[in-house]
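Please keep the sequence and the 3D view open while reading.

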Amino acid sequence: MNHRTSTLFALFIAALWAWWELDLKFVDLFPTKGGAQIARDFFSAAWRPAIDYQSEFVPQGAPPFLWIVLQGMLRTIYFATAAMTLAVVVGVPLSALGSRLVPSWVRIPVRILVGGMRSVHELLWAIFFLAAIGFNSGAAVIALAIPYAGTLAKIGAEMLDETSDRAYHAMRGLGTGKLMAFIAGLLPQATPDLAGYAFYRFECAIRSSAVLGFFGYETAGYYLKSSFENLHYQEVWTWLYAFVLLVLFLEAWSGQLRRRFVA
Amino acid sequence: MTPAQRERELYRNRSRSRFIRASNWALGGLLAVTWAGETIDFRSIFSPQRMNNLQRFLREDLSPWPLRQNPESFSWGDWILSIWNQHGADGLLLTLCISLVSIALAGVFGWFVAPLGARNFMHQDPLHRTLQVETKNESVLLPWICQGVRLLQIFMRAIPEYVWAFLFLAMLGLGAWPAILALAIHNAGILGRLGAETIENLDSKSSRGLFQLGASRSQVVASSIFAQGLPRYILFLFYRWETCVREATVLGMIGILSLGYWIDDARVRQHYDEMLVLVLFGAILVLLGDLISHQVRKSIR
Amino acid sequence: MQSVSLQRGDTKVFQDFNLQVQHGEQVALVGPSGAGKTSLLRMMAGGIPSESGDILHGDASFASATPKELRSLRARVGFIHQDHALVPNLRVCSNIVAGRFGRQGLLQALRALIAPTQETRLEVLQLLDQVGIGDKMYHRVDRLSGGEQQRVAIVRALFQKPDALLADEPVASVDPERARDVIGLLTKVAQEYNLTLVVSLHDIALAREFFPRVVGLRQGKIMFDAAPLDLQEGQLQELYSIQNK
């Protein structure tokens, strides 16, 4: 048994142990009476996503349902964009400070900081801020940005380490300062990879900001939750499909970008 | 033509991609709308009232409750140990177990679905052998099946784990299954896609040879593709496991008894000191997971 | 630059090594690989410090220079790397303005990179025209051929306005026909701008054709130092044959 197989084997032994520890039974996958009804109603609504409010009591002058969906999706994107902006502004310098270009007395503390930022989930940061300063969209964005900046810094440092540093050292040899040699010699070469990764993380940030809605912020999750709790399953499916469309769109876009960067 | 004119003309005629320029403009527009708009409110973070809250939170709420009550007989070790015994250890164990079962399920499903999503394989003329085009009727359907599988994978991963868990919780009731299903579905979508890309990028020589010997697609997959693609797939598997640990923690917040449940419970009871310690427990678990996964990936590579 | 003297005791590469190059002189370094040509050039450019002894550029000394002086000294020496060391996904113009970063402050350098002044742009164009690739000013470097990239590297060094130009195996990656062009070009521009030129070469024939002074180097020692006409076949054979021993 080679190394890989044994690793895989170990993972599955661990999973079996976890299965036993959690006392899982396949039977529980089949919902009980009440749950079964919900499941039936929910999945049968998949084929007919709502294009208008499902509720009969729509207040006069309420905007059309699809308009609400659009607004909710846009707000989700705004949260994600704001968080990614902060994450890039903080994460890219941190990735440079965590790369092999800097002496180890800078690099190691930076890597520890980055590890700390990453190790706490964005939703935990969010409820921390909720407890500390109360309900505020800016604080929610910062909560998203912290682990995202950390992840970007970690992956970014790895990418910078893998980038050819010939031009960087050549510029240093001409007497160029470290910062300028980094900006002109190393960063441009790492940019396609960094941008591609940031784009992927943007997609993740959109998911995370949607989930923020479960904590009261008016992103997609907020509406999805209330629709579900009001048993308006067709509305729920509209939100789910809107999400899939957005991800499909982003995917097509990033595919095009990658093709042009590489070519 | 003066040199200056020539230079401008060279500049104007420089090769550039319209798509990248359009993307830059779109990005700029998005940034402008986001930061100039009113959806995100940064200014009021620094309002005096919020600053007061923050101060109180940091000074009082975060310091251990027994320390506030009875400073003389307080011991940090006992306090942390009591939180560990009360909910910490159980929560961590459940979190870890959920992540392990989920990644195993996601890994298995992702892997066996992966060949169905590989475009060069699910083709009437697999790997473009151009030896003979298969004329069997069912092979006409293959590209369609492939597109369908890819769409399904996108659907699985487009929906956040948290939303999946929320939906399943209502149907399945309390227990670990909603969290496991949520993580497994989301990650199977991602792993299936990564696996398909791995297969597409494989060196096709040996598979080509098998096809020429008259092997069927399923035979080639079983004998050649799986063996070749597995090493890379294991890397992805462990990388996703890291994320699973992270997500399993917070999925507790919707009512599954992982660590997140107790974190949210402490928040609702406004025992922020306890919440901080539990979050730190979670962070240690995540860091340990990262470390294990890092070591494993290094040893495999 | 009046003279360069160089000494590096206690190392295997060079021991008590001395070499003087007059200002405006053109020198070819030849010798088998591993002779220390690259190390010598990099020491002359201040890229690696000598362990003992000193490298002098005119009156300025590398050994006693403060970090700041070292930077400005390095800015006075142009270096052309074997693999060009260009940034492949930037345009030619941006790569060339980098030549002067050693003399510029951060803001000035950033400006030159992002939005160079007309004066700078015309200077770049004129230099590019001189090596025959003016039309490629706004092409991305990775879209250029090897020979064209070589020219970009030369222009970057010229744009730097150095006193001396050092080139490490500038023709290692181009075919023989191109190699002649490149070396011819190098010696021509060095003469035009009155630059000291030191080039390391594999190809002795090229060295003899273009350079008034050829220095043979083997295992960190000078085997000969003469004008091409004075070079004897025996010396050349000795330079390479000992390697086979």
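The model is predicted. It scores ipTM 0.86 and pTM 0.86.

**Confidence**

- Chain C has an average pLDDT of 79, and 89% of its residues score at least 70.
- Within chain C, confidence is lowest in helix H9 (residues 233-241), where the mean is 70. Helix H3 of chain C has the highest confidence in that chain, at 88.
- Where pLDDT is low, the predicted coordinates should not be read in detail.

**Contacts between chains**

- Chain A and chain B touch through 59 residues of chain A and 57 residues of chain B.
- On the chain A side of this contact, helix H1 (residues 3-22) gives the most, with 12 residues.
- By class, the chain A side that touches chain B has 36 nonpolar, 15 polar and eight charged residues.
- The contact of chain C with chain B takes nine residues from chain C and seven residues from chain B.
- Four nonpolar, three polar and two charged residues make up the side of chain C that touches chain B.

- Helix H3 of chain A packs against helix H2 (residues 18-36) of chain B at an angle of about 100 degrees, and their axes are 9 Å apart.
- Angles of 65 to 115 degrees count as roughly perpendicular, so H3(A) and H2(B) are roughly perpendicular to each other.
- H3(A) makes this contact with Tyr78(A), Thr81(A), Ala82(A) and Thr85(A), while H2(B) uses Leu30(B), Leu31(B), Thr34(B) and Trp35(B).
- By class, the contact of H3(A) with H2(B) has five nonpolar, three polar and no charged residues.

**Helix packing within chain B**

- Helix H5 (residues 76-117) and helix H11 (residues 259-268) of chain B pack at an angle of about 140 degrees, with their axes 7 Å apart.
- At that angle, H5(B) and H11(B) are therefore oblique to each other.
- The residues in contact are His87(B), Gly91(B), Leu92(B) and Thr95(B) from H5(B), and Leu259(B), Tyr261(B) and Trp262(B) from H11(B).
- The contact of H5(B) with H11(B) divides into four nonpolar, three polar and no charged residues.

**A covered helix in chain A**

- Helix H7 (residues 166-173) of chain A is mostly covered, with six of its eight residues buried.
- The buried residues of H7(A) are Ala167(A), Tyr168(A), Ala170(A), Met171(A), Arg172(A) and Gly173(A).
- Their cover includes helix H8 (178-212) of chain A, as well as helix H2 (67-75) and strand E4 (77-80) of chain C.

**Single residues to look up**

- Leu231(A) sits in the loop between helix H9 (220-229) and helix H10 (233-262) of chain A. Its phi is near 65 degrees, a positive value in a residue other than glycine.
- Leu231(A) counts as partly exposed because it has 15 C-beta neighbours inside 10 Å.
- Ala85(C) is in the loop between strand E4 and helix H3 (92-97) of chain C. Ala85(C) is also a residue other than glycine with a positive phi, near 50 degrees.
- Ala85(C) is buried because 21 other C-beta atoms lie within 10 Å; the cut-off for buried is 20 or more.
- Pro93(A) lies in helix H3 (residues 65-97) of chain A. Pro93(A) is partly exposed, with 14 other C-beta atoms within 10 Å.
- Pro93(A) and Ala157(A) are 64 residues apart in sequence, and their C-alpha atoms are 9.5 Å apart in space.

**Domains of chain C**

- The domain assignment of chain C gives domain 1 (1-76 + 162-245) and domain 2 (81-158).
- In the contact of these domains, 17 residues of domain 1 meet 12 residues of domain 2.
- On the domain 1 side, H2, strand E5 (164-168) and helix H7 (176-192) of chain C each supply at least two residues.
- H7(C) gives the most to that side, with five residues.
- By class, the domain 1 side has 11 nonpolar, one polar and five charged residues.

Technical notes
Residues are numbered from 1 along each chain as its sequence is written. Chains are lettered from A and ligands numbered from 1 in the order in which they are written. This is a predicted model: local features need pLDDT of at least 70, side-chain atom pairs count only at pLDDT 80 or more; totals for chains, interfaces and linings use all residues. A residue is buried if 20 or more other C-beta atoms lie within 10 Å of its own, exposed if 12 or fewer, and partly exposed in between; C-beta atoms are placed from the backbone. Helices (H or I, at least four residues) and strands (E, at least two) are DSSP runs, numbered from the N terminus. Two residues are in contact if their C-beta atoms, placed from the backbone, lie within 7 Å. Ala, Val, Leu, Ile, Met, Phe, Trp, Tyr, Cys and Pro count as nonpolar, Asp, Glu, Lys and Arg as charged, and the others, Gly among them, as polar. Axes are lines fitted to C-alpha atoms, for helices over the stretch in contact, and angles run from 0 to 180 degrees between N-to-C directions. Angles under 35 degrees count as roughly parallel, over 145 as roughly antiparallel, 65 to 115 as roughly perpendicular and the rest as oblique. pLDDT is the predictor's confidence in each residue, from 0 to 100. Domain bounds come from an automatic or database domain assignment.
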